[in-house]
Each structure stands twice: as C-alpha cells, then as structure tokens.
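User: I would like to learn how to read helices and their contacts in a model such as this one. Could you take me through it step by step?

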Amino acid sequence: MMTVLQIDVLLLIEKLVLIAIIVLASLGIALYTTFAERKVAAILQDRPGPERAGPFGLLQPFADGLKLIMKEEIIPSHANKGLFILGPALAMTAALMTCAVIPWSSSVELFGRKIDLQIADINIGILYIFGVVSLGVYGIMIGGWASNNKFSLMAALRGASQAISYELAMGLSLIAVLMLGGSLSLKTLVEQQMQPGALWNIAYQPLGFLIFFVCALAECNRTPFDLPEAESELNFGYHQEYSSMKLGFYLFAEYVNMIMSSAVMACLFFGGYDIPFLDEKTLSPNVAAVLGLLALLTKIVIFLFVFMWIRWTIPRFRYDQLMNLGWKKFIPLALFNMLLTGFFILMKQEGTWQSVTHLFNK
Amino acid sequence: MQALTNRSRAVSRKPLSFWESLYLPAILKGMMITFRHIFTKNPTIRYPEQKRPFSPVFRGLQVLNRDEQGRENCTACGLCAVACPAEAITMEGAERQPGEEHLYREEKYAAKYEINMLRCIFCGLCEEACPKDAIYLSETFAPANFTRKGFIYGKEELLIPNPITEPEAYALAKGGKVTV
C-alpha cells in the first residue's frame with residue numbers, strides 16, 4: 001500500500017473529502033439558518049417573513065449573500081489593516097474548526113473501506129472544542145480593537161469578559177458529564193449513551209444541561225447575551241466598522257457557532273446520532289449511519305429552533321445582570337452539580353449509603 | 001393622597017429569590033407566550049397582489065370625467081383652481097372648433113389641465129367646486145416617481161378613458177364610484 005510519511009494515502013484522501021463535505025455542509029446549513037432565523041422571527045411575531053425570493057423565499061439567503069458581497073469593502077483609514085482583516089477570518093476559522101471532532105454518525109462502508117463519519121476522533125475531543133471556542137473570542141477582540149472605534153472596543157471588551165465568565169460555568173457543568181462518561185472523546189461519550197439500556201445524559205444531568213445550554217447561548221453571543229453587538233447601546237458592537245463580506249463573515253460565524261454548539265449539546269446530552277427506542281445494531285451499518293446522521297441533524301435543528309425561539313422572546317440582559325448570573329449563580333450551581341454527581345457516582349461504586357459515609361469517616 | 005382611579009398597583013420591591021434570580025421561570029413563561037403565536041393567524045395583506053379596500057369616502061388621485069358619449073366635461077372655468085387651497089391646479093382654456101362636438105361637451109374646453117401631485121393635499125375641494133362634474137377624486141393614489149416633473153399630471157394622466165372606444169379601461173378607471 002502506498003504511504004507518504006507513513007500515512008495511508010487513501011486515508012488522507014478520505015479525510016480530505018470528509019473535511020470538504022463537512023465544511024461545505026456546515027456552511028450550507030448556516031446559510032439556511034439565517035433564513036430560518038428570519039422565518040422563525042416572523043412566525044413568532046405573526047408576520048409572513050421573507051417569501052418573495054424564489055418559492056417560499058427559499059432563495060433569500062443567496063440574495064442576502066449576494067448583497068453582502070456586492071457592497072463596498074471599507075477599511076477605516078485609522079484602522080490597523082492587518083488585524084482588521086484577521087478578525088473576521090479568525091472568527092470564521094474558529095467557528096469551522098469545531099466541526100472536526102464532532103461525530104456526525106457511526107461509520108459507513110464504502111468501496112470496501114470502513115469510513116468514520118468524524119474527521120478526527122481525538123481522545124481530548126471536548127477539550128479541543130473548548131480551546132477552539134475560546135479562540136473565537138480573539139476574532140471579536142481583534143476585530144473590535146483594530147477598528148479604532150470606541151464603541152467597537154467597548155463591545156470587544158464586553159464580548160471577551162462575557163466569554164471568559166461563561167466558559168468557566170460551562171466547563172464546570174461539563175466536568176459532571178465527563179465524570180459520568182469517564183472519557184473526553186465525543187465519540188466514546190456518544191457510544192456510551194447508545195448502549196442498549198443506557199439513558200441519554202440529560203436524564204442524569206438535567207441541571208448540568210441547563211447550565212451548559214445557557215452558557216452556550218452566551219458563548220455564541222446570542223440573545224439574551226448579545227451584549228457585544230448591542231445595537232441600542234453600542235451602535236452595532238464590534239463589527240460596526242465592518243462592511244461587505246468581512247461583516248458577512250462575522251454574521252456567518254455566529255450561525256456556524258450556533259450549529260456547532262447545538263451539535264456538541266446533542267452529542268453530550270442527547271445521545272448524538274443515537275435514535276431513541278431503536279437498537280442500531282439490528283440495522284446494516286450503512287443504513288444505521290445514514291439514519292444516525294438524520295437523527296443528529298434533527299436534534300441540531302430542534303436546538304437551533306430553541307436558540308431562535310429564545311432570541312425572539314427575551315430582551316437583552318444588562319451587563320451587571322449578565323455578570324451576576326454568570327459568576328454568582330451559574331458557577332456555584334455548576335459546582336454543586338459536580339459535587340452531587342460525584343457523590344452519586346461514589347455511592348454507586350461503593351454500593352450503599354453506609355459505605356460512603358464510612359469513606360468520609362476514615 | 002386619594003387616588004383618582006383605583007388602577008395603580010404598588011410595585012413589589014422585595015429582592016428576588018435564588019430561583020427567581022436565575023430568571024428561568026419568567027423566561028419560560030415568556031417563551032410559552034411567543035410559542036402560542038406560532039398558531040395565530042397573521043393579519044398580513046400581501047400588498048401588490050392583495051389590496052385592502054378603501055373606504056367609500058377615500059379621496060385619491062383626481063380624474064377628469066367624460067359623459068356617456070365620451071365627451072370631456074371640463075369647460076376650463078377655473079373654479080377648481082380657485083377652490084384649491086394648495087394651488088396645485090393650472091389650466092388653459094380653448095374654444096371648441098366646429099367638428100369637435102364629439103370631443104368636448106360644451107363650447108369651451110381645457111386645452112391644458114395640470115395638477116401638481118406634490119402640492120395636492122387631496123382635500124376634494126376641486127370636486128366640490130366643479131359645476132360640471134368634470135373632476136372627481138378616485139380611489140387610487142399617486143404612484144412613486146423618480147423626478148419632480150413626473151408628479152405634474154397632465155391631461156393624459158388625468159383624463160378617464162373613453163367609454164365608447166375603450167369601455168373596459170373606462171370601467172376599471174371608474175371603479176365603484178358613482179359620478180355622472
């Protein structure tokens with residue numbers, strides 16, 4: 001077999017194809033998420049929403065994209081040009097990099113090869129996601145700072161402090177899940193939830209999920225935590241000076257982030273590509289993989305709807321409320337949740353209440 | 001102090017409990033409200049295809065009227081121009097020549113009749129002033145235009161189509177309004 005640097009060439013091609021498909025698919029889904037957002041907003045507000053471009057307005061996202069591309073590209077004269085361009089690029093890259101470790105489905109068999117529908121099953125999957133997500137803050141920070149605009153800078157500061165505060169609670173709520181699963185690999189976590197008889201993690205971690213969900217909203221800069229782009233307070237937030245496709249990248253990165261966090265939540269708490277009440281082992285692997293992918297996509301779509309539903313219901317938080325909620329409510333709650341989980345795990349291992357108390361009395 | 005109405009309510013200043021300060025109950029309540037709106041019928045009128053009917057007293061664009069034989073009613077007496085508070089109407093009269101009896105009802109007619117739609121306030125005083133039922137306000141409004149000149153409507157725009165030669169267009173322009 002042909003190898004380059006001891007890597008199987010076929011494996012390389014397989015992964016490249018997979019990367020291309022997944023990145024393009026996420027961009028496509030993000031495109032239609034912008035459309036869905038407008039449509040959901042309209043439905044919740046008793047309006048018809050965009051319906052003129054193409055049948056049912058289905059060409060609307062392309063019209064929007066075309067509009068953004070055709071606009072004049074403006075770089076403010078006092079902006080730091082390099083960083084100004086780097087900002088949206090970084091935001092987009094960070095958003096797309098997350099999809100590398102998400103297990104989209106089980107493996108399919110094509111051309112006599114077993115192909116995992118996951119770009120990289122690295123054993124620190126969830127840590128990788130956290131790392132990349134926190135890189136996404138740099139997109140906002142750099143963009144806001146390089147614009148040389150007070151409002152943008154304020155927004156960037158807000159965005160950064162918000163992301164850092166909520167990442168803490170998010171991480172702590174996640175630890176409880178990891179304690180249950182005993183692994184950092186997303187694929188392993190999903191497969192544990194797929195075992196016959198095993199429940200999804202949401203059954204064991206309702207509080208953890210709640211905290212994770214709220215923090216995911218904050219991480220994606222979604223309403224009610226969209227302080228970095230608060231129109232009424234900061235004009236337009238960190239992307240005030242941006243125009244044309246650079247602005248488009250920022251807006252688009254938000255939607256890609258939403259999709260990725262939905263996928264992560266589906267994997268961690270809702271069994272990923274698991275189909276409820278169905279044993280996938282009875283199906284042929286290819287069928288199971290396709291159905292699994294559809295199951296995961298359904299879960300993602302439901303999450304996206306909830307994201308939008310929340311956005312069009314709740315007004316924006318005040319900055320002090322945001323910080324109070326993050327530091328004084330969610331971090332203690334997450335710690336409590338961790339403690340509780342630890343206690344129950346210990347009890348399960350030791351068997352009885354007495355033996356647990358005995359451990360403490362030693 | 002005695003309250004004028006008993007509608008005022010004292011604001012509760014008690015600090016939020018921990019559960020309340022997570023905002024979750026209130027947020028869920030709000031989300032149920034928005035969720036209910038998914039099932040409500042939306043009141044949108046899709047404009048260019050659907051139009052909301054105007055009230056019978058709506059005053060829209062002016063129309064210069066013709067009689068049943070297709071002759072112009074206007075005699076260029078100028079009463080509408082005098083009545084117009086916005087001074088939007090100008091006209092020039094001309095004498096009917098022999099052989100033009102099928103075009104104009106009386107011996108004098110308006111050779112030029114202009115209404116500046118940017119000045120017009122659609123008050124309908126011209127309609128009231130006209131002794132010949134020659135001008136009335138229809139149920140359409142002035143469409144947008146790119147130039148100021150485009151808003152000065154001449155006889156081509158104002159005159160109603162001839163009921164003899166183009167009966168369909170006449171009926172359309174006439175709408176539901178009874179004049180003659």
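This is a predicted model: local features need pLDDT of at least 70, side-chain atom pairs count only at pLDDT 80 or more; totals for chains, interfaces and linings use all residues.

User: Which residues of H1(A) are buried?

Analyst: An α-helix has 3.6 residues a turn, so residues three or four places apart point the same way. In H1(A), the buried residues are A:Ser26, A:Ala30, A:Thr33, A:Phe35, A:Glu37, A:Lys39, A:Val40, A:Ile43 and A:Leu44. The helix itself runs over residues 9–44 and reaches 51 Å from its first C-alpha to its last, close to the 52 Å expected at 1.5 Å a residue, and just after H1(A), A:Asp46 takes a positive phi of about 60°.

User: At what angle do H3(A) and H10(A) pack?

Analyst: Angles under 35 degrees count as roughly parallel. H3(A) and H10(A) pack at about 20°, with their axes 8 Å apart, which means that H3(A) is roughly parallel to H10(A). Their crossing is left-handed, and the contact includes A:Pro88 and A:Met92 of H3(A) as well as A:Phe249 and A:Val256 of H10(A). By class, this contact has eleven nonpolar, one polar and one charged residues.

User: How many residues of chain A are in contact with chain B?

Analyst: Eleven residues of chain A are in contact with twelve of chain B, and the elements giving two or more residues to the side of chain A that touches chain B are H1 and H11 of chain A. The residues on that side divide into seven nonpolar, one polar and three charged.

Conventions. Residues are numbered from 1 along each chain as its sequence is written. Chains are lettered from A and ligands numbered from 1 in the order in which they are written. Helices (H or I, at least four residues) and strands (E, at least two) are DSSP runs, numbered from the N terminus. The expected span of a helix is 1.5 Å times one less than its number of residues. A residue is buried if 20 or more other C-beta atoms lie within 10 Å of its own, exposed if 12 or fewer, and partly exposed in between; C-beta atoms are placed from the backbone. Axes are lines fitted to C-alpha atoms, for helices over the stretch in contact, and angles run from 0 to 180 degrees between N-to-C directions. Angles under 35 degrees count as roughly parallel, over 145 as roughly antiparallel, 65 to 115 as roughly perpendicular and the rest as oblique. A crossing is left-handed if the near helix is turned anticlockwise from the far one by less than a right angle, and right-handed if clockwise. Two residues are in contact if their C-beta atoms, placed from the backbone, lie within 7 Å. Ala, Val, Leu, Ile, Met, Phe, Trp, Tyr, Cys and Pro count as nonpolar, Asp, Glu, Lys and Arg as charged, and the others, Gly among them, as polar.
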